[in-house]
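Good morning, and thank you for making time for this item.

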Amino acid sequence: MSQIIHRSLHSTPPVAVSAQGAYITDAAGKRYLDACGGAAVSCLGHAHPDVLAAMHRQIDQLAYAHTGFFTSDTVEQLAAQLTRTAPGDLNYAYFVSGGSEAVETALKLARQYFVEIGQPQRTRFVARAQSYHGNTLGALAVGGNEWRRRQFAPLLIDVVRVSACNAYRDRRADESEQAYTQRLLNELEQAILEAGPETLIGFCAETVVGATTGATPPTPGYLQGVRRLCDKYGMLYIADEVMCGMGRTGTLHAFEQDDVVPDIVTIAKGLGGGYQPIGAVLASEKIVAALQAGSGLFQHGHTYICHPTAAAAALAVQQVIERDNLLEAVKTQGARLHQQLREVLGELPHVGDTRGRGLFAGVELVEDKASKRPFDPAFKLHAQIKANCMARGLMVYPMGGTLDGQYGDHILIAPPFIVTASQIDFVVDTLRQVIVEETG
Ligand code: PMP
């Protein structure tokens with residue numbers, strides 16, 4: 001019996017022993033096609049030789065140096081790479097060990113910015129329902145999954161909650177996409193005015209919602225409207241791209257497709273491709289300038305920030321993506337994936353929606369297409385689909401259910417950027433068989 005506290009306290013998952021390319025092998029010798037990168041992490045697949053070589057070089061030379069004493073070439077190079085490839089004036093990077101830490105860092109950086117510019121009364125965030133920003137207490141507070149938050153209430157940060165942007169679920173039958181977007185933005189402005197803009201730090205949202213509702217992209221113009229409202233009311237716009245960022249949607253940052261530039265961006269997962277835990281915050285010039293002109297010190301830090309080995313892995317991952325033109329591969333294979341999902345799964349009676357961008361796709365299961373009611377009121381279907389897929393050697397990322405019972409089970413697909421056409425065929429065909437079997 002395992003002595004690890006696993007997610008389920010009643011069962012132990014299979015033991016993974018090795019991985020290569022798009023596949024993970026367990027102790028029984030069974031191979032699984034990793035079509036979700038774990039949780040949208042393994043963007044280059046496993047055991048990429050360039051990443052391994054870069055990490056070996058780094059470990060041999062300098063595995064770790066505490067930032068209280070040193071910086072390192074590798075970390076500086078990674079910062080240069082990320083700020084060179086980021087749009088606008090996102091000219092600074094801060095490196096942490098994962099997504100939740102990146103979100104905590106973003107929240108604290110935003111808060112300190114307002115303290116430094118003499119607006120300490122701005123203490124609250126606006127964030128959305130049906131969103132996930134991490135499991136630490138600050139990140140949980142901005143996250144919109146009520147079932148994740150409720151047993152830890154009261155949370156540490158005061159949040160004004162607004163609706164998510166989910167056209168499949170929330171657009172009225174008689175409403176155009178444009179009208180729906182405008183309605184959401186009007187509601188957001190109303191919420192800002194009711195809360196008092198002078199009390200608000202910023203708006204925090206995933207560009208494409210990942211785990212909670214399954215690769216749900218914003219409607220056209222929505223994020224531009226958010227940007228305008230943030231500017232109008234002196235708030236910061238924080239884009240959480242921990243899951244959807246770093247090339248997963250076909251552009252390095254998903255928000256590039258919405259033609260906006262946030263003030264702060266959180267990235268993780270695909271940043272290091274799973275080779276080392278790493279996350280980062282990209283911050284705009286004005287924020288860092290305010291801290292420089294003010295106290296000159298960011299009141300934050302962890303033992304493993306700017307970890308050289310993690311930075312070596314991330315730098316190699318980003319260089320491979322650039323060198324091998326993998327954003328194009330994401331677009332091409334992503335188009336194939338979405339077309340197949342529409343054609344092969346879309347006709348199934350219990351598939352309500354297929355959606356996403358690039359190699360970030362979601363499939364939502366419903367009782368029937370007209371009512372869009374969740375297929376399984378107990379929200380067990382996603383777990384059954386995951387188990388059935390695993391039995392067939394396929395990894396997909398399942399999630400399901402919100403407390404209001406409105407959003408149902410869904411499956412997230414996020415294969416590595418090196419995925420082949422035949423692997424995509426296998427993913428879609430297997431999912432079809434499994435969905436048919438599990439939905440009767
Ligand atoms: N933000 C988003 C959008 C995420 O999807 C996640 C992880 N699923 C996190 C933050 C938290 O990242 P981590 O699990 O690395 O702490």
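This is a predicted model: local features need pLDDT of at least 70, side-chain atom pairs count only at pLDDT 80 or more; totals for chains, interfaces and linings use all residues.

Let me begin with the domains. The domain assignment divides the protein chain into domain 1, made of residues 16-47 together with 325-439, and domain 2, which covers 52-323. Between the C-alpha centres of domain 1 and domain 2 the distance is 25 Å. How many residues of each domain are in contact with the other? On the side of domain 1 there are 34, and they meet 33 residues of domain 2. Several elements of domain 1 contribute at least two residues each to the side that touches domain 2: α1 (37-40), α12 (326-345), β11 (351-357), β12 (360-365) and β15 (409-413).

I turn now to the interior. As a general point, nonpolar side chains in soluble globular proteins tend to be buried together. Here the largest nonpolar core contains 129 residues, and A280, L282 and V396 have the most contacts inside it. Which helix gives the most to this core? It is α11, residues 308-323, with 10 residues.

Leaving aside residues up to four places away in sequence, A280 touches L82, A93, Y94, F95, V96, A102, I267 and L271.

Next, the sheet. This is an open sheet of 4 strands in the order β1-β2-β3-β13, and its pairing is mixed. Strand β1 runs antiparallel to β2 (residues 23-26), and 4 bridges join the two. Within this pair, Q20 of the chain stands opposite Y23 in β2.

Finally, the ligand. Which residues are the closest to it? Of the 15 residues that surround the ligand, the closest are G98, G99, S100, V242 and M243. Helix α4, residues 99-116, supplies the largest share of this shell, with 3 residues. Sorted by class, the shell consists of 7 nonpolar, 6 polar and 2 charged residues.

That concludes my presentation, and I thank you for your attention.

How values were computed:
Residues are numbered from 1 along each chain as its sequence is written. Domain bounds come from an automatic or database domain assignment. Two residues are in contact if their C-beta atoms, placed from the backbone, lie within 7 Å. A nonpolar core is a set of buried Ala, Val, Leu, Ile, Met, Phe, Trp, Tyr and Cys residues joined through C-beta atoms within 7 Å. A residue is buried if 20 or more other C-beta atoms lie within 10 Å of its own, exposed if 12 or fewer, and partly exposed in between; C-beta atoms are placed from the backbone. Two strands pair if DSSP finds at least two bridges between them. A residue is near a molecule or strand if its C-beta atom, placed from the backbone, lies within 6 Å of it. Ala, Val, Leu, Ile, Met, Phe, Trp, Tyr, Cys and Pro count as nonpolar, Asp, Glu, Lys and Arg as charged, and the others, Gly among them, as polar.
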